[in-house]
Amino acid sequence: MKRAASLFLAAAVVVAAIGCGGDANTPPLGKVTGNVTLNGQPLDGATVEFIPQGGRPSTGFTDASGNYTLLFRADAPGAVIGKHSVRITSQRGRSGGEGGEPLVEARAETVPSQYNDKTTLEVEVTSGSNTFDFPLEGKRTGKASSGA
């Protein structure tokens, strides 16, 4: 009888851990989605990065319509709750082309520096669902930094 009670208690602890998200290393997250446009046009293939004041950043990529969803990790959607600076970049290196992968050509930065290298974008992520749209305006002048 004592063994059955111990097994029941152990099973209850496992179920409780899974039901609460299961990963003690993941901070509380808010789900984040949104849309990015540049001069009124959807920005396809851009990287959207939310950088908290402390902790790990979250990243998402825009689709052909400019929509993105942030991931804290591959298995954890969202961003840390709190204030973030936001960087949006369109620059990318050439990739793919091996095996059956399509070749993705390199692209220079087209997003103005006030949205990446010298970002002025800030948001506050709260628990639950968050939607942040970024209607960017302007033209890129000068070269992007090596980190953009």
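This is a predicted model: local features need pLDDT of at least 70, side-chain atom pairs count only at pLDDT 80 or more; totals for chains, interfaces and linings use all residues.
**β3 and its neighbours**

- On one side, β3 pairs with β4 (residues 58-61) in the antiparallel sense, over four bridges.
- β3 also runs antiparallel to β9, and six bridges join these two strands.
- F50 has a bridge partner in each: S58 in β4 and V86 in β9.
- Side chains in a regular strand alternate between the two faces of the sheet.

**The largest nonpolar core**

- This core holds 20 residues, and F50, Y68, I88, F134 and L136 are the ones that touch the most other members.
- Two or more core residues come from each of β1 (29-38), β3 (47-52), β9 (82-89), β10 (121-125) and β12 (134-136).
- As a rule, nonpolar side chains in soluble globular proteins tend to be buried together.
- What does I88 touch, leaving out residues up to four places away in sequence? The list runs to V36, L43, A46, T47, V48, V111, Y115, N116, L121, F134 and L136.
- F134 and L136, both on that contact list, are also among the core residues that touch the most other members.

**Two residues in the β9–β10 loop**

- Q91 sits in the loop between β9 and β10, and N116 lies in the loop between β9 and β10 as well.
- Is Q91 buried or partly exposed? Q91 counts as partly exposed, because its relative accessibility is 31%.
- N116 counts as buried because its relative accessibility is 1%, and the cut-off for buried is under 20%.
- Q91 and T110 are 19 residues apart along the chain, yet their C-alpha atoms are separated by 7.2 Å.
- For N116, a polar atom of the side chain lies 3.3 Å from the backbone oxygen of V111.
- Not counting residues up to four places away in sequence, N116 touches R87, I88, T89, E109, V111 and R140.

Note on methods
Residues are numbered from 1 along each chain as its sequence is written. Side-chain values use heavy atoms; hydrogens and water are left out. A nonpolar core is a set of buried Ala, Val, Leu, Ile, Met, Phe, Trp, Tyr and Cys residues joined through side-chain atoms within 4.5 Å. Buried means under 20% relative accessible area, exposed over 50%, partly exposed in between (1.4 Å probe, protein chains only). Contact means heavy atoms within 4.5 Å. Two strands pair if DSSP finds at least two bridges between them. A polar contact is a pair of N or O atoms within 3.5 Å; within protein, one must be able to donate a hydrogen and the other to accept it, and residues adjacent in sequence count only if both atoms are side-chain atoms.
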